[in-house]
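Good morning, and thank you for coming. I would like to take you through one protein chain, and I ask you to keep its structure in view while I speak.

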Amino acid sequence: MTKNKELAVRIVCFMCIVTMIAAATNQFCNESGLSVCRSNIGLTRIPKDLSPVIEDLDVSQNDITELQASDLSFLSRLKVLRVSYNRIQQLDLSVFKFNHDLEYLDLSHNQLRRISCYALMSCKHLDLSFNDFDALPICEEFGNLTQLSFLGLSARKLQQLDLLPIAHLHLSYILLELGGYYVKENGRESLQILNTKTLHLVFHPNTLFFVQVNISVNTLGCLQLTNIKLNDKNCDVFIEFLSELTRGPTLLNVTLYHIETTWKCLVSIFQFLWPKPVEYLNIYNLTIIEDIQKENFTYSKTTLKALTIEHVKNRVFIFSQTVLYRVFSEMNIVMLTISDTPFIHMLCPQAPSTFKFLNFTRNVFTDSIFQKCSTLVRLETLILQKNGLKDLYKVGLMTKDMPSLEILDVSWNSLESDGLEGNCLWVESIVMLDLSSNMLTDSVFSCLPPRVKVLDLHKNRIQSIPKGVMQLESLQELNVAFNSLADLPGCSTFSSLSVLTLDHNVVSHPSADFFQSCQKIRSLKAGNNPFQCTCELREFIKNIGQVPRGVVEDWPDSYKCDYPESYKGTPLKDFHPSQLSCNTVLLIVTVGATMLLLAVTMTLLCIYLDLPWYLRMMFQWTQTRRRARNLPLEELQRTLQFHAFISYSGHDSAWVKNELVPNLEKEDVRICLHERNFVPGKSIVENIVNCIEKSYKSIFVLSPNFVQSEWCHYELYFAHHNLFHAGSDNLILILLEPIPQNSIPNKYHKLRALMTQRTYLEWPKEKSKRGLFWANIRAAFNMKLTLGTENKDEKT
């Protein structure tokens with residue numbers, strides 16, 4: 001059977017089920033702008049606070065006992081009204097006369113015994129089932145409901161012409177609830193239903209089937225029966241009931257819900273329907289009681305195409321498995337579905353079988369199923385989903401003798417692939433294989449059908465797709481979602497791949513060349529992965545922007561950064577790293593250029609500011625300070641030995657010795673001069689630092705000669721540092737001769753700063769002004785020295 005034919009068959013079966021669900025009484029309560037739900041809140045009347053523009057109102061499962069025109073007249077746009085599961089006992093349908101657009105009216109599961117009729121001209125769905133009517137509530141006005149498609153009814157008694165007023169209507173669905181049906185013993189009634197596509201009869205759930213009504217229907221396509229309780233004694237009553245309903249040539253679909261029966265009666269029902277024109281037989285919620293014995297079954301020529309049995313309870317615990325399974329395995333039909341049952345096995349047909357479709361979902365089959373079975377020669381689709389399969393090798397071996405098999409579904413089992421080493425045997429006809437929701441690992445890629453086109457491996461334990469796997473040149477669709485794959489697979493072994501599903505894995509750095517490798521890709525679903533938004537991802541994002549719109553599914557909503565933390569949650573489309581951070585060559589060139597520029601700048605600064613000189617002086621100063629901190633306390637208390645240390649250029653020594661020193665010493669100011677106080681054996685720098693440290697003041701005789709003396713600048717540098725260390729004003733600047741600013745070298749910026757920021761004493765050329773000069777000098781010495789016991793006249 002081709003896939004399209006199979007789909008058509010499934011649709012026919014599905015439509016009848018959907019139709020029944022649509023007629024179900026307990027509706028899901030959903031509320032939106034034009035829909036209002038007031039279900040199950042204890043209402044006794046229709047609420048008055050409703051908007052007049054609503055179109056859908058649900059007041060089911062309340063305690064409403066009556067409906068009046070005033071309750072609904074203001075809802076002029078109402079199209080759908082659900083009042084099921086309330087306590088209404090009588091109703092005049094004219095209460096809806098103002099609701100001209102009412103199309104769907106559900107009054108099921110109330111306590112209605114009597115209604116007064118009114119033609120609801122727009123009504124398409126009218127449900128009066130599961131009420132307390134004695135006779136079918138049909139009146140002449142119903143004959144005018146030309147748009148009516150669904151009609152639900154209840155009755156305790158039936159008369160042949162009850163439905164005559166609506167005989168001319170072409171209904172799609174009639175639901176007839178006969179839970180309270182009663183007829184005298186040996187009594188028999190008839191009911192003629194002229195036109196409907198689907199007839200659904202609901203019987204009492206806890207009563208043995210005893211209904212003896214001849215129901216005839218013209219053009220019936222689908223028959224549904226609910227609540228059938230049978231045993232070997234009343235089985236014939238049910239089969240006789242079916243005989244009239246299945247007489248017509250148009251009946252294609254029979255569905256039985258909630259049926260309790262013996263095995264003997266069930267086989268009898270199969271045998272009865274076998275020669276009938278029925279093509280699809282569906283049984284849902286089957287309970288087998290009493291015992292299971294071998295029953296003869298004649299597989300005569302049949303029009304039945306598909307048998308579906310779902311959710312079986314077997315209350316017989318001791319029986320021959322062969323007796324049970326043989327009835328099904330030998331059926332000469334095309335499609336067989338037995339799901340959600342306690343079946344642990346299924347027999348191989350004894351002769352070449354007509355089966356093209358087998359569905360054994362939710363059973364307890366093991367790896368022994370269909371091993372060495374060579375009679376399923378026409379089988380095209382095999383579904384073994386949710387069973388107890390464990391060995392992938394045996395699954396492949398099972399298919400070896402199924403030459404027509406194209407679709408195999410073994411998902412939701414416990415299949416493992418470790419240790420197979422590529423020696424699997426598969427029938428080559430398989431084109432669609434579902435291995436999802438198992439325990440398969442990377443080795444599964446060495447054990448696959450060679451011509452598979454659609455492969456589903458989602459929800460397994462796959463970490464990578466090995467490079468040395470078998471060539472799957474026909475593979476077009478691959479689903480490996482919900483695994484542990486770290487990258488997108490290339491197409492070197494999947495040359496025809498067009499659909500790839502890889503979401504919910506651990507892909508962090510997808511290959512940038514994926515789209516170049518997989519030229520035939522038409523759909524990629526790789527969202528919800530922990531993408532690391534680094535430079536490596538930039539090219540992949542760029543390539544996504546170049547493929548046609550819609551190829552990358554769920555883009556951009558499901559593609560977000562997971563790392564680094566600063567980008568977590570950022571859509572990949574908004575991740576734009578800079579060119580510099582992602583181009584290594586450019587980064588090296590930029591860093592190199594920056595370092596070169598910094599080196600050049602530092603070199604120029606060193607030349608301009610004589611930085612090495614300052615560093616050397618800083619080192620000397622630091623070393624001297626460290627030695628000073630290590631001196632004993634008693635020595636620290638007697639290190640201050642001079643009032644002043646005088647720094648001057650040798651070219652200005654005559655003025656210092658003839659003018660400055662004599663005038664200071666006659667005032668008892670003790671002077672430290674380098675030529676008499678430097679200690680032999682120590683470095684010049686250390687002598688300078690020691691003299692400054694032992695002096696209360698430092699006097700600098702400034703002149704153009706001073707500016708040109710490097711040693712004078714050393715003395716100024718150390719004295720300036722001592723100023724900040726001691727926290728006192730220990731500098732006295734004497735300007736012997738004017739110094740032009742442009743004559744001070746750039747590296748002597750401290751001298752520039754001191755001359756700008758500090759007050760200095762200028763040596764006057766006029767003798768009349770020199771008295772004030774000396775007075776200012778003397779004022780600068782306002783303390784007496786506490787001389788130690790050392791020789792204070794020690795000279796160099």
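Let me begin with a definition: a residue is buried when its relative accessible area is under 20%, exposed when that area is over 50%, and partly exposed in between, with a 1.4 Å probe and protein chains only. The model is predicted, so local features need pLDDT of at least 70 and side-chain atom pairs count only at pLDDT 80 or more, while totals for chains, interfaces and linings use all residues. Residues are numbered from 1 along each chain as its sequence is written, and side-chain values use heavy atoms, with hydrogens and water left out.

First, the whole chain. Of its 796 residues, 49% are buried. The secondary structure amounts to 19 helices and 32 strands; these are DSSP runs numbered from the N terminus, helices being H or I of at least four residues and strands E of at least two.

Next, a sheet. Five strands form an open sheet with parallel pairing, in the order β29-β28-β30-β31-β32; two strands pair if DSSP finds at least two bridges between them. The edges are β29 (671–672) and β32 (761–762), each with a single partner strand, so one side of each has no neighbour in the sheet. Helix α13 (residues 653–665) packs on this sheet and touches β28 (642–647), β29, β30 and β31; contact here means heavy atoms within 4.5 Å. Within the sheet, β30 (residues 695–702) and β31 (residues 731–735) pair over 5 bridges, and L702 has L735 in β31 as its bridge partner.

Elsewhere, strand β15 (residues 280–289) runs parallel to β16 (residues 306–314), joined by 8 bridges. Here L281 stands opposite L307 in β16. Strand β16 is also joined to β17 (residues 335–339), in parallel, by 5 bridges, and A306 stands opposite M335 in β17.

I turn now to backbone geometry.

Finally, Q61 and F370. Q61 is not a glycine, yet has a positive phi of about 55°. F370, also not a glycine, has a positive phi of about 55°. Is F370 buried or exposed? F370 is buried, at a relative accessible area of 3%, whereas Q61 is partly exposed, at 29%.

Definitions and conventions. Axes fitted to C-alpha atoms, helices over the stretch in contact; angles between N-to-C directions.
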